[in-house]
Amino acid sequence: MVLGEVQQFPLEEEYKKKNGISSSDVQELRQWLKTQPHLPEKYITDLDLIFAYHSCERSSGVTKQVLDQHYTLRTLFTNFFKNRRVEDVEQICNTALVCPLPTRTKEGYAIFYSHMINYDPKLFVFSAAVKATLMVVDLWQYEEGTWPGFCMVVDFKGMSLGHLARIDLQSLQQFLYYLQETMLVRFKGMHFVNAPSWVDKLVMMMKPFMKKELMEMLRVHTTGSDTLQQWIPIEGLPKDSGGSYKTILECKDDVLKKLLANKAFFENENNKRVTEALRKGKAKTISDIFGGLEGSFKKLEID
């Protein structure tokens, strides 16, 4: 993650990637967007459309559904997406590291890593950690373009039952729904590292909100085990975690510097919201999302 103000990954470079996406695919989606008055078409970039199309395996029909749902959730899930200001996540970024790693898996998947910095449970706010995570991922993706896949590594070192008690079910449900249904990445794995004995309680909390595909992607690695290296290059982790990358505190400083240098990015992103009054048909509400919305737009992939 290069420090300083991000620059959008060049479209011409994106089209050179071997992902089968062309400018004509993007223009088709752009024309469809113009027929959807409730969507923030003028703020949605061609790179946003590429992310959506790529994450949906280049299915135009699925991409349109996911785009609608993606911006709808960014409007309705206010804990994560309302008034995304860097100042609001500074405290949680000093409490919990939420950091992209430069190393890739052998398949080329991007790796996102989290680890507690301050172990005091009273300082941990789950919804704020999710908000910060999604802000960092947005910046990272905007700068690097599409990835073949995306993995999350959650390191439980230093965490206690007190942290578990700080996870509210509403935020957990919304995060897992967003992750599975409309996050514009090809999600490939979730790894719990240094998992404590109580991790089964967390999994039980998550289970009602997880589809079979995500459950099969969740891999739990207990303290002292070496099973993570089957999927994630250990040398790519921070030095404090057995790798060769920067220290956790250096990673934290990098993330904060990056966020602070890109306040304007989030000011602009705050415009990418739905205007329900302009939606054709019935306006969407939270109860519509969790009250029996049919089907899964995106299909998670398992390797």
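## Domains

The domain assignment, which is automatic or comes from a database, divides the chain into domain 1 (11-81 + 269-280) and domain 2 (86-261). This is a predicted model, in which local features need pLDDT of at least 70 and side-chain atom pairs count only at pLDDT 80 or more, while totals for chains, interfaces and linings use all residues. Residues are numbered from 1 along each chain as its sequence is written, and side-chain values use heavy atoms, with hydrogens and water left out.

Between the C-alpha centres of domain 1 and domain 2 there are 25 Å. The two domains are in contact (heavy atoms within 4.5 Å) through 21 residues of domain 1 and 23 residues of domain 2.

## Overall form

The chain contains 14 helices and five strands. These elements are DSSP runs numbered from the N terminus: helices are H or I with at least four residues, and strands are E with at least two. The C-alpha trace spans about 55 × 40 × 40 Å along its principal axes.

For 303 residues, a compact globule would have a radius of gyration near 19 Å, and the value of 19 Å for the chain agrees with this. The radius is taken over C-alpha atoms, and the globule rule is 2.2 Å times the number of residues to the power 0.38. Among contacts in the chain with a separation of 6 or more, 79% are between residues 24 or more positions apart.

## Burial, surface and charge

Of the 303 residues, 53% count as buried. Buried means under 20% relative accessible area, exposed means over 50%, and partly exposed lies in between, with a 1.4 Å probe and protein chains only. The chain exposes about 13,300 Å², of which carbon and sulfur atoms supply 53%; accessible areas come from the Shrake-Rupley method with a 1.4 Å probe, and for residues only the protein chains shown count as cover.

Helix 3 (residues 46-55) is mostly covered, with 10 of its 10 residues buried. Among these buried residues are L47, L49, I50, F51 and Y53, together with the charged residues D46 and D48. The cover over helix 3 includes helix 1 (11-16), helix 2 (23-33), helix 4 (60-76) and helix 7 (126-144).

The loop between helix 3 and helix 4 holds E57 and also R58. Most residues other than glycine have a negative phi. E57, however, has a positive phi near 55°, and R58 has a positive phi of about 60° although it is not a glycine. E57 counts as partly exposed because its relative accessibility is 39%; R58, at 41%, also counts as partly exposed.

## F265 in helix 13

F265 is located in helix 13 (residues 263-269). Its relative accessibility is 16%, so F265 counts as buried. Leaving aside residues up to four places away in sequence, F265 touches V6, D138, L139 and Y142.

F265 and K212 are 53 residues apart along the chain, and their C-alpha atoms are separated by 35 Å.
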